[in-house]
Amino acid sequence: MIHSENNCTVFLFMTVTADQLSLQTNKFELDQIICSSFGYDMTIVEFYVVARMTKASVWLRPIGRIVTGDDGQGEGKAIPDTSVQAPDCNIFRKRIQLWDGVEGISDSIKYFRIWDGKPQYHNTWD
């Protein structure tokens with residue numbers, strides 16, 4: 001991990017165990033990161049955190065995203081930025097749906113899924 005401080009680049013090293021690498025992506029959990037994508041010619045990625053849940057519903061809080069690798073044409077990879085979180089008035093509820101044993105959410109515009117920990121393709125070029 002790279003961190004910039006006072007115009008100086010500091011490298012931070014983290015130890016990751018095998019358990020931390022295996023993300024649970026079948027069932028919603030509290031504080032889990034959710035991603036959605038939408039767009040006809042574009043692929044806009046948004047991220048959320050599960051703020052509350054019941055057996056049938058989840059309440060999602062929008063969080064920020066960081067797009068890296070932009071080639072100047074609006075294309076890159078998006079990752080969540082949990083340091084940017086929407087206020088409580090922006091939390092919204094969605095009904096949990098099940099496809100082949102995997103929980104997700106779909107509405108008329110977006111498909112919400114449990115984030116797999118990998119950067120997501122992001123494209124704002126129309």
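Visitor: Let me start with a spot I just clicked. Is Asp31 buried or exposed?

Guide: Welcome! Keep in mind that this is a predicted model. Asp31 is exposed, because its relative accessible area is 58%, and a residue counts as exposed when that value is over 50%.

Visitor: Where does Asp31 lie?

Guide: You'll find Asp31 in the loop between H1 and E3. Its phi is positive, near 70 degrees, in a residue other than glycine.

Visitor: And what about the phi of Asp100?

Guide: Asp100 has a positive phi too, near 50 degrees. That residue sits in the loop between strand E8 (97-99) and E9. Asp100 is exposed, with a relative accessible area of 83%.

Visitor: OK, let me zoom out. How many helices and strands does the chain have?

Guide: The chain has 1 helix and 11 strands. Reading from the N terminus, the order is β-β-α-β-β-β-β-β-β-β-β-β.

Visitor: What share of the residues is buried?

Guide: Of the 126 residues in the chain, 29% are buried. The chain exposes about 8700 Å², with carbon and sulfur atoms supplying 52% of that area.

Visitor: Which residues make up the largest nonpolar core?

Guide: That core has 10 residues: Phe28, Ile34, Tyr48, Val50, Val58, Leu60, Ile96, Ile105, Phe112 and Ile114. Strand E4 (44-53), strand E5 (57-68) and strand E10 (111-114) each give two or more residues to it. There is also a second, separate core of 8 residues, with Ile33, Cys35, Phe47 and Ala78 among them.

Visitor: Let's pick one from the largest core. What does Ile96 touch?

Guide: Leaving aside residues up to four places away in sequence, Ile96 touches Phe28, Thr54, Lys55, Ala56, Ser57, Val58, Glu103 and Gly104. On the scale of the chain, residues 24 or more positions apart account for 53% of the contacts with a separation of 6 or more.

Visitor: Now the strands. How do E5 and E6 pair?

Guide: E5 pairs with strand E6 (residues 75-85) in the antiparallel sense, over 6 bridges. One of the residues to look for is Ile63, whose bridge partner in E6 is Gln85. The hairpin of E5 and E6 has 6 residues between the strands, and Gly69 there takes a positive phi near 70 degrees.

Visitor: How many bridges join E6 to E11?

Guide: E6 is joined to strand E11 (residues 120-123) by 4 bridges, and the two run antiparallel. Within E11, Gln120 is the bridge partner of Ala78.

Visitor: Which residue does Lys110 meet in a salt bridge?

Guide: Lys110 meets Glu46, with a distance of 2.5 Å from N to O. Lys110 lies in the loop between E9 and E10 and Glu46 in strand E4, so this pair ties together parts that are 64 residues apart in sequence. Lys110 counts as buried at 18% relative accessibility, whereas Glu46 counts as partly exposed at 22%.

Visitor: One more, please. What does Asp107 form a salt bridge with?

Guide: Its partner is Lys94, and the closest N and O atoms are 2.8 Å apart. Asp107 is in the loop between E9 and E10 and Lys94 in strand E7 (residues 92-95), 13 residues apart. At 31% relative accessibility, Asp107 counts as partly exposed.

Technical notes:
Residues numbered from 1 in each chain as written. Predicted model: local features only at pLDDT ≥ 70, side-chain atom pairs only at ≥ 80, totals over all residues. Heavy atoms only, no water. Buried < 20%, exposed > 50% of the residue type's maximum accessible area, 1.4 Å probe, protein only. Contact = heavy atoms within 4.5 Å. Areas by Shrake-Rupley, 256 points an atom, 1.4 Å probe, with all protein chains shown as cover. Core = buried A, V, L, I, M, F, W, Y, C linked by side-chain atoms within 4.5 Å. Pairing = 2+ DSSP bridges. Salt bridge = Lys/Arg side-chain N within 4 Å of Asp/Glu carboxyl O.
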